[in-house]
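This report describes one protein chain from its overall make-up down to single residues. The sequence and the structure come next.

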Amino acid sequence: MKFSYLPACSFACFAAALVGTFAVSLASADAAPPSNWRVLASQTVATGSSRTTIRIPGSNRYRQIQLCTRNAPIRLSNYTFRFDNGRQQSVRVNTRINTGGCSRAINLTNPPRRIDRVDLAYQPIPRGTRAPQIRVVGR
């Protein structure tokens, strides 16, 4: 069958556009934030302090944890997960988390684990009058 009424590149252009659309849809699916992360607890930290403890309510168990900040940036030195069985996992990060950003995902040892609390060592970065709010998210 001959398609004399179509320009020469029509089929090739159509195929390329279809492949391109498929590739873009795959890339955008990977770029979307994961929907299976949930907020475990949040706490506004004092700007004059350098340590805080965030208690994690509930009995759910998690494999990965992230710390996110709102209202103001902070510089995390380290944090320690305290588990329900008395054990702990310390993470040294020494990184800045900008407003609206999150730390890297931390894999918990021997997952899934029930987290009792998170102890943070940080330095608030002065910016305006708002204190940073730290959110602990997990999956």
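Q64 stands opposite N107 in strand 6. This pairing belongs to a predicted model, in which strand 3 and strand 6 run antiparallel and are joined by two bridges.

**Overall make-up**

The protein chain has one helix and eight strands. Read from the N terminus, the order of elements is α-β-β-β-β-β-β-β-β. Of the chain's 139 residues, 32% count as buried. Among contacts with a separation of 6 or more, 77% are between residues 24 or more positions apart. The accessible surface of the protein chain is about 8,900 Å², and carbon and sulfur atoms account for 52% of that area.

An open sheet is built from four strands in the order 1-8-3-6, with antiparallel pairing. Strands of a sheet pair through backbone hydrogen bonds, in either a parallel or an antiparallel sense.

Strand 3 (residues 64–70) is joined to strand 8 (residues 133–138) by six bridges, and the two run antiparallel. Along this pairing, Q66 is placed opposite V137 of strand 8, and C68 is placed opposite R135 of strand 8. Six of the seven residues of strand 3 are buried, which leaves the strand mostly covered.

**Strand 2 and strand 7**

Another antiparallel pairing links strand 2 to strand 7 (residues 115–124) over five bridges. T52 stands opposite L120 in strand 7. Strand 2 (residues 51–55) has two faces: T52 and I54 make up the covered face, while R51, T53 and R55 make up the uncovered one.

**The disulfide**

How many disulfides does the structure hold? There is one disulfide. The bond joins C68 to C102, with an S to S distance of 2.0 Å. The angle about the S-S bond is 100 degrees, and the link of C68 and C102 is right-handed. This pair links distant parts of the chain, 34 residues apart: C68 is in strand 3, and C102 is in the loop between strand 5 (88–97) and strand 6. A disulfide is a covalent bond between the sulfur atoms of two cysteines.

Is C68 buried or exposed? C68 has a relative accessible area of 4%, so this cysteine counts as buried. C102 has a relative accessibility of 38% and therefore counts as partly exposed.

**Aromatic rings**

A pair of aromatic rings is described by the distance of the centres and the angle of the planes. The count of aromatic pairs in this model is one. The ring centres of Y79 and F81 lie 5.5 Å apart and the ring planes are at 85 degrees; because planes over 60 degrees apart count as edge-to-face, that is the class of this pair. Y79 is buried at a relative accessible area of 0%, and F81 is buried at 0% relative accessibility.

A ring also takes part in a contact with a charge: the charged end of R113 sits over the ring of F83, at 3.8 Å from the ring centre.

**Backbone details in the loops**

The peptide bond between P111 and P112 is cis, with omega near -10 degrees. P112 is located in the loop between strand 6 and strand 7. N110 lies in the loop between strand 6 and strand 7 as well. N110 is not a glycine, yet has a positive phi of about 50 degrees. The other loop residue described here is N71, in the loop between strand 3 and strand 4 (74–83). N71 has a positive phi of about 75 degrees and is not a glycine either.

Relative accessibility for residues named above is listed in the table.

| Residue | Relative accessibility | Class |
|---|---|---|
| C68 | 4% | buried |
| C102 | 38% | partly exposed |
| N71 | 32% | partly exposed |
| N110 | 62% | exposed |
| Y79 | 0% | buried |
| F81 | 0% | buried |

Why does N110 count as exposed? The relative accessible area of N110 is 62%, and exposed means over 50%, so N110 falls in that class. N71, at 32% relative accessibility, counts as partly exposed.

Terms used: Residues numbered from 1 in each chain as written. Predicted model: local features only at pLDDT ≥ 70, side-chain atom pairs only at ≥ 80, totals over all residues. Heavy atoms only, no water. Phe/Tyr/Trp six-rings, centres within 6.5 Å; stacked < 30°, edge-to-face > 60°. Buried < 20%, exposed > 50% of the residue type's maximum accessible area, 1.4 Å probe, protein only. Lys NZ or Arg CZ within 6 Å of the ring centre and 35° of its normal. Contact = heavy atoms within 4.5 Å. Areas by Shrake-Rupley, 256 points an atom, 1.4 Å probe, with all protein chains shown as cover. Pairing = 2+ DSSP bridges. Disulfide = S-S within 2.5 Å.
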